[in-house]
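Hi everyone, thanks for coming. Let me put the sequence and the structure up on the screen, and then we can walk through them together.

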Amino acid sequence: MPDTLGCGVIGLGMMGERHARIWHELPQTRLVSVHDLVPARADELAGAFGVTARASIDDLVSDPAIDIVSVCTDDQSHVESCVSAARAGKHVLVEKPIATSVADADTMISACDAAGVKLMTGHCVRFDPRYAVAQQAIADGKTGDIVQVFGRRNNIVDSGRRIGPRASVAFFLGVHDIDIMRWFTGSDITRVYAESASKVLADIPTEDTIFTLMKFANGAVGCLETCWVVPTGVPNTLDARLEVVGTEGRVAVRVGDESLDVAGHDRATRPDVAYGPLMLDAQHGALRTQLEHFADCVAGDRPPMVSNADARAAVAVAEAIHQSLSTGLPVNLS
Ligand SMILES: NC(=O)c1ccc[n+]([C@@H]2O[C@H](COP(=O)([O-])OP(=O)(O)OC[C@H]3O[C@@H](n4cnc5c(N)ncnc54)[C@H](O)[C@@H]3O)[C@@H](O)[C@H]2O)c1
């Protein structure tokens, strides 16, 4: 094996471009090739990074120069690329959610287990230092026995308009916090009850917002607010919270109040400084840390910090949220 790990990226939208750039920039990896359903997009990024545009998923995964495949296609189409990559003996980093059904998640996990390759889902919030330090504080006992957990992930409406026709807010945004809530509490979610509203995106078959009440195996209760119709006039595109209250203390993460404003005459914005800021002519932040972590796990044959059971559990909860919305009843998770 060469000194660096060869990487390929399938699906070259907003996230695929970031994966491609980071694989290209990390010292321990090199970008080898890219593929997208839209050939012109693959040609564009291949040209930008001086790599090969592959015409199909099979062409990309069968390249012996590739060790790791990033799957960055739409939520519901991760399964095909992941299974093809596993069968070709490649390690897989798949964007969150791992899939949009537990059945698809199981197919992907089984394919990677059978091939003996690593699979990690990009729950990138775990690589945001604010959440990582909060988790450590909870693990160190600062909250004591957890009583309640509150999560919020609200995006501006551009996000709902862009993704709403293809995905659900519970799968696109909610899985981030479902994963963090399980990670913080160290406990499974055993029951959910959800309510939704649809007004702003009424022309699309999707919810504007979903509120979910949760019960945890350790007796705690949780509430998750997930919305993608916040007006574009707000300065921050993402407003996220994660607050844990326990018998001994509280740990609270706030995202969106960053102390950087860039103001024009009409509007102030708060650029992302945590997930993918450009600095020193390279991409930094949580996404880079996540990809670096996965490459280190592959190189050192170590288990990734997001387990497949974690990724599967987040999907099971999102599925249960939709079941609750359609039945109007609480749903128990086994
Ligand atoms: N980690 C995060 O914070 C984060 C943020 C946004 C999106 N995501 C996830 O990343 C994934 C991609 O989201 P995005 O915002 O980049 O979407 P996007 O719409 O910008 O890009 C998707 C790309 O995949 C391509 N594509 C779709 N199906 C394909 C297929 N079968 N084969 C090859 N190419 C295919 C499309 O042509 C498009 O270029 C989704 O799963 C999404 O949930 C994660």
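Let's begin with Arg267, which is partly exposed, with a relative accessible area of 33%. By that I mean between the two cut-offs: buried is under 20% relative accessible area and exposed is over 50%, with a 1.4 Å probe and protein chains only. A word on the source: this is a predicted model, where local features need pLDDT of at least 70, side-chain atom pairs count only at pLDDT 80 or more, and totals for chains, interfaces and linings use all residues. Residues are numbered from 1 along each chain as its sequence is written, and side-chain values use heavy atoms, with hydrogens and water left out.

So where does Arg267 lie? You'll find Arg267 in the loop between strand E13 (262–263) and strand E14 (268–269); helices (H or I, at least four residues) and strands (E, at least two) are DSSP runs, numbered from the N terminus. Not counting residues up to four places away in sequence, Arg267 touches Thr232, Gly233, Val234, Pro235 and Val262, where contact means heavy atoms within 4.5 Å. A polar atom of the Arg267 side chain lies 2.9 Å from the backbone oxygen of Thr232. That is a polar contact, meaning a pair of N or O atoms within 3.5 Å; within protein, one must be able to donate a hydrogen and the other to accept it, and residues adjacent in sequence count only if both atoms are side-chain atoms.

Now zoom out to the domains. The protein is divided into domain 1 (5–122) and domain 2 (126–274 + 314–332), with bounds from an automatic or database domain assignment. Their C-alpha centres lie 26 Å apart, and twelve residues of domain 1 are in contact with eleven residues of domain 2.

Next, the ligand. Which residues come nearest to the ligand? Of the 25 residues around the ligand, they are Met15, Asp36, Asp75, Arg162 and Arg166; a residue counts as near if one of its heavy atoms lies within 4 Å. The shell draws at least three residues from each of domain 1 and domain 2, and helix H1 (14–25) and helix H8 (169–185) each supply at least two. Looking at oxygen atoms of the ligand, a polar side-chain atom of Asp36 lies 2.6 Å from one, a backbone N or O atom of Met14 lies 3.0 Å from one, and a polar side-chain atom of Arg162 lies 2.8 Å from one. Taken alone the ligand exposes 850 Å², and the protein buries 86% of that, using accessible areas from the Shrake-Rupley method with a 1.4 Å probe.

Let's move on to His35, in strand E2 (residues 29–35). Is His35 buried or exposed? His35 is buried, with a relative accessible area of 8%. The His35 side chain reaches the backbone oxygen of Arg54 at 2.9 Å. Among the residues that His35 touches, not counting those up to four places away in sequence, are Val9, Ile10, Ala42 and Leu60.

Last stop: helix H4 (residues 78–87), which is mostly covered, with eight of its ten residues buried. Those buried residues include His78, Cys82 and Ala86, and the buried residues of H4 pack against elements including strand E1 (5–10), helix H3 (57–61) and helix H5 (102–115). Just after H4, Gly89 takes a positive phi of about 80°.
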